[in-house]
Amino acid sequence: MQAQKDGPGFREAPARPPSPAVDRALTVLEKLVAASDGLTLTALARTTAIPLATCASIVYTLEQRGYATRRVVGRSHFWRATMRLYDLAAPLIRQDDLSEVAQPQLRALADELRMPAHVGVLDGASVVYVAKAATPGFIQFDTYPGKVSPFNLTALGRAIAAYLPDAELEPLLGQLSAGAGPKAKRPSVRAFRAQLAKVRQAGYALEDEEEQADIACVAAPFFDAEGRVNGSVGVTGFARDLAGRKLASAAELVVRQGKEISAKLGF
């Protein structure tokens, strides 16, 4: 029996990568980036499910090219990624520096709502936080430029996905992630499409305790000169502070700042 694509929790079987060697190298690099204290070869092989000898070949090559380094403690070698990756990405960031373009709007949101404000862009099935305006205070949220989250579990990602052409959205629908928050539901393509329709109707997206308990976020899209969705802008706060009239007020401000960023980009 053929599986229905809109069933709850549907995931397409991952396609075999055209180049398994490149896929393994990128997997190793991603694990090294995520491990702030470094990983031994044994730990790296275990977490990536890649043979130890292959992991060794990859990290030695990354070291030779300057993308990895090691710290020796006794007989153990702990590998980690280097800032060479930042140098690699910097030219791409400078091509369209949304952080600089959107900073006044982020600052206005953070100051008026007393919540951290962010700009996000879509990268595959993930949303990447590329800019942030923080707020003073003892409590700080775990959001920062460079943070990556599943696109369907954040208001930033949903605000972008709602305006993608169907040809670009369709490949992402098989990669819906399950949330860990108390209001998370099993991923469903049909339910997610319905959610995106509501985003288009309202002009903004909301995520309420789905990715994480007690945390909510609201975001609105912005568009480039050709009318394509270019990213999203939003705020993160406690769920109790993004409900009822407070939510309506926050959503109105977020939509307004999204329109201002769009105007700056020529929309």
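**Close-up views of a predicted model**

**View 1. The surroundings of Glu210 in a loop.** Once its neighbours within four places in sequence are set aside, Glu210 is in contact (heavy atoms within 4.5 Å) with Arg158, Gly179, Ala180, Gly181, Lys183, Ala184 and Gln195. Glu210 is found in the loop between β6 (205-208) and β7 (215-223), where helices (H or I, at least four residues) and strands (E, at least two) are DSSP runs, numbered from the N terminus. With a relative accessible area of 17%, Glu210 is buried, a term that means under 20% relative accessible area, while exposed means over 50% and partly exposed in between (1.4 Å probe, protein chains only). This is a predicted model, in which local features need pLDDT of at least 70 and side-chain atom pairs count only at pLDDT 80 or more, whereas totals for chains, interfaces and linings use all residues. Residues are numbered from 1 along each chain as its sequence is written, and side-chain values use heavy atoms, with hydrogens and water left out.

View 2. Cys55, Ala56, Ile58, Val59 and Leu62 of α3 are buried. These buried residues fall within an arc of 165 degrees when seen down the axis of α3, so they line one face of the helix, the arc being that of the directions from the helix axis to the C-beta atoms. The buried residues of α3 pack against α1 (20-34), α2 (41-48), β1 (68-73) and β2 (76-81), whereas Ala53, Gln64 and Arg65 are exposed on the other side of α3. Just after α3, Gly66 takes a positive phi of about 90 degrees.

**View 3. Ser57 within helix α3.** Ser57 is found in helix α3 and, at 46% relative accessibility, counts as partly exposed. Although Ser57 and Ala25 are 32 residues apart in sequence, they are 9.4 Å apart in space, C-alpha to C-alpha.

**View 4. The packing of helices α5 and α9.** Helix α5 (residues 98-113) and helix α9 (residues 244-264) pack at an angle of about 165 degrees, with their axes 9 Å apart; axes are lines fitted to C-alpha atoms, for helices over the stretch in contact, and angles run from 0 to 180 degrees between N-to-C directions. The two helices, α5 and α9, are therefore roughly antiparallel to each other, a term that applies to angles over 145 degrees. Residues that make the contact include Val101, Ala102 and Pro104 of α5 and Ala250, Leu253 and Val254 of α9.

Key. Angles under 35 degrees count as roughly parallel, over 145 as roughly antiparallel, 65 to 115 as roughly perpendicular and the rest as oblique.
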